[in-house]
Amino acid sequence: MIDFFSMLFLLAGALFFLAGTVGLLRFPDLYTRLHALTKADNVGLGLMITGLALQAESLSVAGKLVLIWGLVLLAGASVAYLIARGALLRGVLPWKR
Amino acid sequence: MSWIKGIIPMFMKVLVFALVWWVMTNGALQSWLIGGGAIVLATLAAKKPATHFTIRYFKLVMLIPFFLKQSILGGVDVARRALQPSMPIDPILVECPLRLPPGSPQVFMTNMVSLLPGTLSATLENNRLKMHVLDQQSSYMKDYLLLEEKVAELFSVPVQNTGAGELL
């Protein structure tokens, strides 16, 4: 039963990583690509962490996985800001429809 | 009685550091010999508050489900737009005068805006936040204003009226 839910979460996570990568390839400029990478991958990682935490042999291992997720979320938000800021200050114009 | 007020935040810090140590060492008993010292040192190092604003820790905990929800909505939203053959995006830069005081509230807000569906912080300068919006027809502004109010509550500051944002 737990294995089934683990699989479900891992597959759903992989789907979000796939969507993030498709966005990275399809979206027209740096800014929109950052959206795809940060947001879709955050959810993908969250789902994978949940799937893996279900398999963890102890509560502390599960806690470690959740800690990793939180740190990646924070790092992702800060780095996305720095990249977007760097691009904007260098005059990279956003794509418009 | 002012020393009592300091006890609770200190206790919370000890608790958080102990939790992190426990997680990192998988609860190995012998490790607490070093861990105990590390926790004391970490608590002393964290004694000086990182911000002069009063953080309401209860509000911080209450924010977690909100961020989780927004983060999932944001992920689903961008995944849908990326996968749909017609790729429905209509990006725009928006500059908003922040209704929060400079320092930690603004920095916290800037980081959290990137978790909301369809918005990405780009620059924070002179109390103005420039953000990139994935679809200008989406209801991003509603989420943004709500988040700002929640951040104000978290740092126990009032939201200032600074006027509307503008499209760039």
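Analyst: What follows goes from the interface to the sheet and then to a single residue.

This is a predicted model, in which local features need pLDDT of at least 70 and side-chain atom pairs count only at pLDDT 80 or more, while totals for chains, interfaces and linings use all residues. Residues are numbered from 1 along each chain as its sequence is written, chains are lettered from A and ligands numbered from 1 in the order in which they are written, and side-chain values use heavy atoms, with hydrogens and water left out.

Counting a contact as heavy atoms within 4.5 Å, the interface draws 38 residues from chain A and 46 residues from chain B. Between them the two chains bury about 3300 Å², of which 71% is on carbon and sulfur atoms; buried area here is the accessible area (1.4 Å probe) that two parts lose on being put together, summed over both.

Chain A and chain B share 1 salt bridge, a term that requires a side-chain nitrogen of Lys or Arg within 4 Å of a carboxyl oxygen of Asp or Glu. That salt bridge joins A:Arg85 to B:Glu125, with the closest N and O atoms 3.9 Å apart.

On the chain A side, the elements that give two or more residues to the contact with chain B are α1 (2-26), α2 (30-55) and α3 (59-89) of chain A, and α3(A) gives the most, with 17 residues. Helices (H or I, at least four residues) and strands (E, at least two) are DSSP runs, numbered from the N terminus. This side of chain A divides into 24 nonpolar, 8 polar and 6 charged residues, where Ala, Val, Leu, Ile, Met, Phe, Trp, Tyr, Cys and Pro count as nonpolar, Asp, Glu, Lys and Arg as charged, and the others, Gly among them, as polar.

In chain B, an open sheet of 4 strands has the order β2-β3-β1-β4, with antiparallel pairing; two strands pair if DSSP finds at least two bridges between them. The edge strands, each pairing on one side only, are β2 (119-125) and β4 (166-167) of chain B. Strand β2(B) pairs with β3 (residues 128-133) of chain B over 6 bridges, and B:Thr123 stands opposite B:Lys130 in β3(B). The bridge partner of B:Glu125 in β3(B) is B:Arg128. In the hairpin of β2(B) and β3(B), with 2 residues between the strands, B:Asn126 takes a positive phi near 45 degrees. A further 6 bridges join β1(B) to β3(B), where B:Cys96 stands opposite B:Leu129.

Helix α3(A) lies across β1 (92-97), β2 and β3 of chain B, running at about 65 degrees to β2(B); axes are lines fitted to C-alpha atoms, for helices over the stretch in contact, and angles run from 0 to 180 degrees between N-to-C directions. Helix α5 (residues 140-154) of chain B also packs on the sheet, touching β1, β2, β3 and β4 of chain B, and its direction makes about 145 degrees with that of β3(B).

Finally, B:Leu124 is found in strand β2 of chain B. Leaving aside residues up to four places away in sequence, B:Leu124 touches A:Tyr81, B:Leu98, B:Gln106, B:Val107, B:Thr110 and B:Leu129. B:Leu124 and B:Gln106 are 18 residues apart in sequence and 8.2 Å apart in space, C-alpha to C-alpha.
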